[in-house]
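Subject: Handover of a structure for your study

Dear colleague,

Please find below the structure that I am handing over to you. My notes on what was found in it follow, and I would ask you to read them with the structure open.

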Amino acid sequence: MKNIKAYLPIAILISGASLWASCSSNVEEVTAEPIDETYAVQTEKMLINVDTLYTEFENPWGMTWLPDGKMLVTEKKGEILIFKDDKFTGEKIQGLPAFWTQGQSGLLDITAHPKFAENGWLYIAYGKQMPDSTSSTTIMRFKLDGNNAVNQEELIQSLPAWKKSAHYGSRIVFDNEDYLYYSSGERSDTPTNAQDLSNSHGKIHRIHDDGRIPTDNPFVDTEGAVGSIWTYGNRNPQGLYFDKENNKLYESEHGPQGGDELNLIEKGKNYGWPVITWGIGYDDKPVSDIQEKEGMEQPLTYYVPSIATAGMTMVTSDKYPAWKGDILIGALKKMHINRVDMDGSVAGQQEIMLQDIGRVRQVSQSPDGYIYAITEGTGLMVKLIPIR
């Protein structure tokens with residue numbers, strides 16, 4: 001791992017001001033303290049400090065914030081760690097269900113209900129063990145009694161259960177009307193699942209926050225179709241973000257070798273996998289001989305070679321004026337944060353940031369407007385603090 005020492009020391013941004021009174025004139029002046037740029041990183045548009053908050057993750061996957069300032073981070077092995085004031089409290093959520101932790105399965109994403117302060121619901125995505133060594137991407141919600149997970153309700157599963165322990169997808173987001181969207185991978189060994197409306201795999205799903213199927217979903221009245229499907233032809237979507245200001249849903253998904261995608265997700269549309277793709281198979285043979293087809297959506301941008309796109313966010317905070325409106329995507333294989341320069345929903349140039357920081361599993365913006373990232377391999381949680 002190159003350059004990782006640049007991220008391990010805690011680079012603290014010194015902010016605020018010191019007030020002092022002049023004894024002779026009784027006039028108060030404000031003197032800004034100098035910014036510590038010891039560990040500053042120059043990106044294309046901004047100078048930032050990389051504040052390393054935690055270094056002991058194994059396979060972190062999702063993160064969410066609660067109104068009391070606590071931050072919850074999932075570990076794939078089945079733990080939810082509790083942070084407060086950017087520090088690990090040493091506490092974890094207790095009483096969670098059993099998780100299937102084979103292959104890529106385990107405890108995956110987590111998010112708080114938009115009205116958590118009123119209803120107390122937390123939502124998790126995970127792999128659940130089913131009969132005959134099969135498993136299913138499952139969405140569950142629960143409440144907290146202290147640090148205990150109570151009132152657990154399983155809302156939906158991606159069916160049929162599958163033997164291959166790969167490509168679970170499983171990001172969760174809410175829209176402005178509190179509909180829940182979750183991603184479900186096509187489960188790897190049967191790519192055509194993604195084109196088959198009779199199963200849940202290789203799709204983006206939309207449900208009510210209590211698991212009910214909305215009556216205006218696009219395939220509710222299609223015979224044999226899974227009613228929760230919102231879009232299909234999505235290979236393994238590990239990034240999902242809802243832009244509340246513009247009412248748009250974005251997704252990042254893994255391609256095979258090449259062909260990772262950033263997509264604008266729209267009701268009922270087919271995103272092509274495996275009929276069209278910009279990537280090739282792991283056996284170095286073409287998955288498809290076409291990259292475009294009528295009735296199938298093109299990505300906003302794609303990646304050749306693959307960066308292994310993971311979690312994502314859009315920068316809406318005024319703290320990063322040069323990045324505002326841009327999308328940040330975690331890169332697992334290529335170990336960086338990928339910034340996509342966005343003009344509305346049009347993708348422009350990409351920037352590689354914090355190369356070799358680790359396998360970036362998720363990038364999120366906190367309620368107070370700071371960007372956080374969590375990594376595998378190096379086991380980090382970092383906070384990007386803008387300087388200028």
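**Pockets and cavity**

In the second largest pocket, the lining residues divide into eight nonpolar, 12 polar and seven charged. Please keep in mind that this is a predicted model. The space in this second largest pocket is about 410 Å³. It is lined by 27 residues, of which Gln104, His254, Tyr282, Ala308 and Leu332 are the closest to its centre. Strands S17 and S25 each contribute at least two residues to that lining.

The largest pocket has a volume of about 840 Å³. Which residues that line the largest pocket are the closest to its centre? They are Thr64, Thr111, Tyr241, Lys244 and Gln365, out of 31 residues in the lining. Several elements each supply at least two residues of this lining, namely S5, strand S9 (107-112), helix H1 (116-119), strand S13 (172-174), strand S17 (236-243), strand S21 (309-314) and strand S25 (359-365). By kind, the lining residues of the largest pocket divide into 19 nonpolar, nine polar and three charged.

As for cavities, the count comes to one of 30 Å³ or more. The largest cavity holds about 30 Å³ of space. Its lining consists of Glu261, Tyr271, Ile276, Thr277, Trp278, Gln291, Glu297, Gln298 and Pro299. Of these lining residues, four are nonpolar, three polar and two charged.

**A four-stranded sheet**

I would next direct you to an open sheet of four strands, which lie in the order S5-S6-S7-S8 with antiparallel pairing. Strand S5 (60-65) and strand S8 (87-92) are the edge strands, each pairing on one side only. On average, and with direction ignored, neighbouring strands of this sheet are turned by 30° against each other. As background, the strands of a sheet pair through backbone hydrogen bonds, either parallel or antiparallel.

The pairing can be followed strand by strand. S5 and S6 are joined in the antiparallel sense over four bridges, and Pro60 has Glu75 in S6 as its bridge partner. Four residues lie between the strands in the hairpin of S5 and S6, where Gly69 takes a positive phi near 95°.

Strand S6 (residues 70-75) also pairs with strand S7 (residues 79-84), again in the antiparallel sense, over six bridges. In this pairing, Lys70 has Lys84 in S7 as its bridge partner, while Val73 stands opposite Leu81 in S7. The hairpin of S6 and S7 has three residues between the strands, and Gly78 there takes a positive phi near 120°.

How many of the six residues of S6 are buried? Five are, so S6 is largely enclosed by the rest of the structure.

Pro60 lies in strand S5. Is Pro60 buried or exposed? Its relative accessibility is 0%, and because buried means under 20%, Pro60 counts as buried. Leaving aside residues up to four places away in sequence, Pro60 touches Val73, Thr74, Glu75, Arg361, Ile374, Thr375 and Glu376. The C-alpha atoms of Pro60 and Gly78 are separated by 10.0 Å, and these two residues are 18 residues apart along the chain.

Thr301 is found in strand S20 (residues 301-303). With a relative accessible area of 12%, Thr301 is buried. Its contacts, not counting residues up to four places away in sequence, are Asp260, Glu261, Leu262, Ala347 and Gln350.

Thr190 is placed in the loop between strand S14 (180-184) and strand S15 (203-207). Where does a relative accessibility of 24% put Thr190? Thr190 counts as partly exposed, because that class lies between the limits of 20% and 50%. The C-alpha atoms of Thr190 and Leu96 are separated by 31 Å, with the two residues 94 residues apart along the chain.

Yours sincerely,

A colleague

Technical notes:
Residues numbered from 1 in each chain as written. Predicted model: local features only at pLDDT ≥ 70, side-chain atom pairs only at ≥ 80, totals over all residues. Heavy atoms only, no water. Pairing = 2+ DSSP bridges. Axes fitted to C-alpha atoms, helices over the stretch in contact; angles between N-to-C directions. 1 Å grid on protein atoms, 1.4 Å probe; cavity = no way out; pocket = protein on both sides within 12 Å on 5 of 7 lines; lining within 4 Å. Points joined across faces, edges and corners; volume = space filled by probe spheres on them. Nonpolar A, V, L, I, M, F, W, Y, C, P; charged D, E, K, R; others polar. Buried < 20%, exposed > 50% of the residue type's maximum accessible area, 1.4 Å probe, protein only. Contact = heavy atoms within 4.5 Å.
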